[in-house]
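I opened my notebook to look up a chain, its rings and its charged pairs. Here is what I wrote down.

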Amino acid sequence: MEPGEKHSQQIRQVLLFFVFLGGSLVCSEPWRYSVAEELEIGSFIANVVKDSGLSVEDLVARGVRVIFDDYKPYLQLDQQSGNLLLNEQLDREALCHLTEPCILHFQVLLENPLQFFRAELWVKDINDHIPTFLDKHILLKISESTAPGTSFQMDSAQDLDVGKNGVQNYTLSPNPYFRLKVQDSDDGRKYPELLLDQSLDREKEPELKLKLTALDGGSPPRSGTTLVHILVLDINDNAPEFERPVYEVQVPENSPVDSLVVRVSATDLDAGIYGEVSYSFSHVSTDIRKTFEIHPISGEIHLKALLDFELIQSYTINIQATDGGSLSGKSAILVQVVDVNDNPPEILMTSLTSPIPENSSPEMVVAVFSLRDQDAGNNGRMVCSIQDDLPFLLRPTFKNFYTLVTNGALDRESQAEYNITITVSDLGTPRLKTQHNITVTVSDVNDNAPAFSQTTYTLRVRENNSPALHIGTVSATDRDAGANAQVTYSLLRPRDPHLPLASLVSINADNGQLFALRSLDYEALQAFEVRVGAADRGSPALSSQALVRVLVLDDNDNAPFVLYPLQNGSAPCTELVPRAAEAGYLVTKVVAVDGDSGQNAWLSFQLLKATEPGLFGVWAHNGEVRTARLLSERDAVRHRLLVLVKDNGEPPLSASVTLHVLLVDGFSQPYLPLPDVAAAEARADPLTVYLVIALASVSSLFLCSALAFVAVRLCRRSGAASGGGCAVPEGHFPGHLVDVSGAGTLSQSYQYEVCLTGGSGTSEFKFLKPAFPNLPPQECKMEESHTFKNSIEFI
């Protein structure tokens, strides 16, 4: 047998129940409400606030719910007003069939604290069905010898309505032989009987056709009709008689269809067709006709449909035996349905609280549920349990309601989730068992601070960066869960109060990404430190911090600056070279510096243009200008050299300087007069010469002081970046630097340290010793003069 209708909608709302010790859980007197069937959805039924004496706010705060015994949502509770409203149209006939009154039992449940109010909903019948005869044609065979006053019982009309809306009266079409008498049966139904007013005469009228009408008591009344066909027979003076007036039988509810229920038997003393008996049901309900069937000849009653003890426990079947002369005898069969254990227990969850905090107090209510078994006796008695190794406990409350409460301390770090199996078994034979699994998660409390993946981060960013550039990311994790594990990043107050941190970097509070707020300048700031904090969103919040060191990488953004000769727009500085100078004679040295560092500060020198190509050469790596050959009388007196100074950055930056060289016969002649001013100088008096010499001396002293100051500043800046006093190129020179050896590469034998002495006070250039890198040894067997000549590029 199929089990009864299951609970159609499972309750999912999470509620918390607190049971006050010593308090009353159930209201003693039930509330009674009434509603007419087929009423529209949303119709007002009653007000819970008025009946319970509580306010709407109390009802909402205490988690009011409406639960019917069959767990169907016939009513809904308006949380704003406390009104009970109809949730679906009710059909009294479907709910209670012929039972009167039709009562639906339910409880109004207050969850916090737990309290029940019993209530009843009386469903009133309306006249929505018409009387119906089961047979549209009724055949009666009546002997002509039947005495006047004899009654003939007719099948009653069926009306699903009850009370006054049920069948109240019958009428018969006018005729001279019969009149109608309405009788009341033992179960309160009305059924018609035909009374013979005068004797029948088969020879005059062998048959009669009468119209029988059934009327209910509704307003307006409804009616149904059937045709009564009467055949007048010969005399028959004996009616059939059953062996027993009542048959009692017990049938298990799991009996299959077509099973034999009982066999009835009736006898008739007449002979012939008057002694032939046929069996049939007598004014029985539609349910009986759907469930049982009777064989008209043998009198065997078989099952036509499955029985269900949970729906109907017993049947009373009225039967009659009719002979060939239409005389009948009556009997009744009382069928008792025997219950079998065919319905497993049902677990209906009312509320479930998950997650629960790991610091929950003992005996905290986690879940509320109820049990139901539709069987009877021991088959409907239930035992409920959970696993033994869990920190939870089951407690029975009201009726078949249970609460699941905590029974020990919880620790999310050791176990964050519990799978609880609720097992319910009945006491029937065999025992039926139902299991329901629920998952209870343990929520976290904030007991772990965020932890950075590194205590110190080193980030590198190239100078001249674009604003809002992403320079790196810090990351911290929190062992907690939920909001307690959501990490927020922030910049902490720097240890150096003079560091403008707010204008240098910013951090994304959600993902820890660091951004440079403005363009950085390596020459102004080579490195700085930032302290980053990570805080969770717990209450109270926990935090930790890490150190971020930002290194600014140099970019080639400074062109070389020529220190000597000074290009200040005044009279050019003229270098004097004796004509007796040999090849390789040091004419002058171009001194330049670069504000950048590293490879970007490596400088190379190149002679771009000369008045007489091939006479002078420039060493590419130190800027020394030397003669490339012996001077002759044919060489011009005045020479102009254009020297290019280029760094090793990407792209390379450069500067140029113009040198003026005068060839003199000896140093007793300080300089050669220019052609356009020679005559004027020849006429100058000694006083003018003295004034010029004094002015030149003062200018030289000023120039030396300025050069010394610049050199000291450059050495200090270079020392802050590299820790030394001067910028010294290390390693191999790049291959693309200008080479004057003629072989295509620079000689790797010499690298010079060039700086201005800052402490001597003489403002003179100091040419330090060569710096030898860790390079493979190379053979050099040539003469010094030959090496120098091969190191000059002739233009």
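I began with burial: a residue is buried under 20% relative accessible area, exposed over 50%, and partly exposed in between (1.4 Å probe, protein chains only). The model is predicted, so I noted that local features need pLDDT of at least 70, side-chain atom pairs count only at pLDDT 80 or more, and totals for chains, interfaces and linings use all residues. Residues are numbered from 1 along each chain as its sequence is written, and side-chain values use heavy atoms, with hydrogens and water left out.

**Entry: the whole chain**

I looked up the secondary structure and found eight helices and 51 strands. Helices (H or I, at least four residues) and strands (E, at least two) are DSSP runs, numbered from the N terminus. Of the 795 residues in the chain, 43% are buried. I then turned to contacts, meaning heavy atoms within 4.5 Å. Among contacts between residues at least 6 apart in sequence, 69% join residues at least 24 apart.

**Entry: the core**

I looked for nonpolar cores. Such a core is a set of buried Ala, Val, Leu, Ile, Met, Phe, Trp, Tyr and Cys residues joined through side-chain atoms within 4.5 Å. The largest one has 27 residues. Tyr33, Ile45, Leu75, Leu84, Phe106 and Leu121 have the most contacts inside it. Strand β6 gives this core its largest share, five residues. I followed Phe106 and left out residues up to four places away in sequence. Its contacts include Tyr33, Val66, Phe68, Leu84 and Leu121.

**Entry: the rings**

How many aromatic pairs does the structure hold? I found 14. Rings of Phe, Tyr and Trp (its six-membered ring) pair if their centres lie within 6.5 Å; planes under 30 degrees apart count as stacked, over 60 as edge-to-face and the rest as tilted. The planes of Phe68 and Tyr74 stand at 85° with the centres 4.9 Å apart, so I wrote edge-to-face. Both Phe68 and Tyr74 are buried. For Phe68 and Phe106 the centres are 4.7 Å apart and the planes at 35°, so I wrote tilted. Phe68 lies in strand β3 (residues 64-68) and Phe106 in strand β6 (residues 102-111), so this pair ties together parts 38 residues apart in sequence. Phe106 is buried, like Phe68. Tyr33, Phe68, Tyr74 and Phe106 form one aromatic cluster.

**Entry: the charged pairs**

Side chains of opposite charge can pair when their charged atoms come close. I counted a salt bridge when a side-chain nitrogen of Lys or Arg is within 4 Å of a carboxyl oxygen of Asp or Glu. The count came to 14.

Asp197 bridges to Arg179, with the closest N and O atoms 2.9 Å apart. Asp197 is partly exposed at 39% relative accessible area, and Arg179 is partly exposed at 44%.

Arg579 bridges to Asp665, with the closest N and O atoms 3.5 Å apart. Arg579 is in the loop between β42 (574-578) and β43 (586-589), and Asp665 is in the loop between β49 (654-664) and α6 (678-682), so the pair ties together parts 86 residues apart in sequence.

Glu624 bridges to Arg626, with the closest N and O atoms 2.9 Å apart. Both Glu624 and Arg626 are buried.
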